Amino acid sequence: YAVQSQIRMHGYNPDDAMIFVKPRDGEHILRTEDIIAKINEHGDSIAMILLPGVQFFTCQLFRIKEITEAAHKKGCYIGWDLCHAVGAVELKLHEWDVDFAVWCTYKYLNSGPGSVGACFVNEKFANRDDMKRLEGWFSHRVETRFDMTNIMDRTPGASGFQLSNSPIGEVIKLISSLQIFKEFPMEKQIKRSRKAIAYIEALYKHYFLDDDELKGTTEVISPTDPLERGNHLAIKFSSPVDSVCEGLAKRGIIVDVRRGEIIRASFAPLYNSFQDLHTFLSTLHDLCVQQRNS
């Protein structure tokens, strides 16, 4: 709906102006070749491509570099929503020649609810005066901001796209989190996360696929290849799991539920332990058995 509002603001109908890419019938994951085929099919008429770095629902990690290259070959701008990718997977936005990207900081950057968002703008666009954009008080260079000339003296780089000031308290929380990231680099976090997600998979197989009572009642809809997914697993249940989630909450385990039948299990490498994962899966198993027998 955010994209639809932009389309309407520019005088177009979203039904005509927005193109979707969907998984093939019977599949949960978008194939890279299908995304690129859609770009090649419509590229001459596409103004902008917007995709998630990690799909929030299935945890699919998109091949950002490959898709960005395909977009540029057709002359398309491409931006990435990295809310579920920042702090969870390796990102090389400048090296991959991404045009722009946006993300939040309250998920894997651990800065807390309501914290600030962020953006990346490719340097080839950052200082162009011919690009249409919204401008505000904080788009202006701080050195000349109070000269009050009524003439925009734009801040270079991504900061030139900032409209207003950031809340100081939220920035302080983010700085504190980023300082921890410096002490525990992303390479180590990614390595630990992949081990953890593999452990979740093993526990899931033990508690749900190898248990005759629960076999066939669940399905993992996330990619099976560790290099093709982010930092969570999405487990789909054959029946609503509202009562199960209530049981988890009573035991101090908070999960994310989508459509009443999908639980997303994530791992924060800075503070979650492997014991946390075992506690979650074993408790989830017990509650599912209890629900099935009630």
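This is a predicted model: local features need pLDDT of at least 70, side-chain atom pairs count only at pLDDT 80 or more; totals for chains, interfaces and linings use all residues.
Biologist: Which residues make the contact of H8 with H9?

Modeller: H8 contributes Ser-243, Val-244, Gly-247 and Leu-248. From H9 come Phe-280, Thr-283, Leu-284, Leu-287, Cys-288 and Gln-291.

Biologist: How do the residues of that contact divide into nonpolar, polar and charged?

Modeller: The contact of H8 with H9 has 6 nonpolar residues, 4 polar and no charged. Gly counts as polar in this division, and Gly-247 is one of the contact residues on H8.

Biologist: What makes the buried residues of H8 line one face of the helix?

Modeller: The buried residues of H8 are Val-244, Cys-245, Gly-247 and Leu-248. Viewed down the axis of H8, they fall within an arc of 155°, so they line one face.

Biologist: What covers these buried residues, and which exposed residues are carried on the face turned away from them?

Modeller: The cover over the buried residues of H8 includes strand E7 (256-258), strand E8 (262-266) and H9. On the face of H8 turned away from its buried side are the exposed residues Glu-246 and Lys-250.

Biologist: Why is Asn-110 called partly exposed?

Modeller: Buried means under 20% relative accessible area and exposed means over 50%. Asn-110 has 26% relative accessibility and therefore counts as partly exposed. Its place is in the loop between strand E3 (100-104) and strand E4 (117-121).

Biologist: How do you know that Met-148 is exposed?

Modeller: The relative accessible area of Met-148 is 54%. The cut-off for exposed is over 50%, so Met-148 is exposed. Met-148 lies in the loop between helix H5 (123-126) and helix H6 (168-183).

Biologist: What are the phi values of Asn-110 and Met-148?

Modeller: Phi of Asn-110 is near 60°, and phi of Met-148 is near 55°. Each is a positive value in a residue other than glycine. Most residues other than glycine have a negative phi.

Technical notes:
Residues are numbered from 1 along each chain as its sequence is written. Side-chain values use heavy atoms; hydrogens and water are left out. Contact means heavy atoms within 4.5 Å. Helices (H or I, at least four residues) and strands (E, at least two) are DSSP runs, numbered from the N terminus. Buried means under 20% relative accessible area, exposed over 50%, partly exposed in between (1.4 Å probe, protein chains only). The arc is that of the directions from the helix axis to the C-beta atoms.
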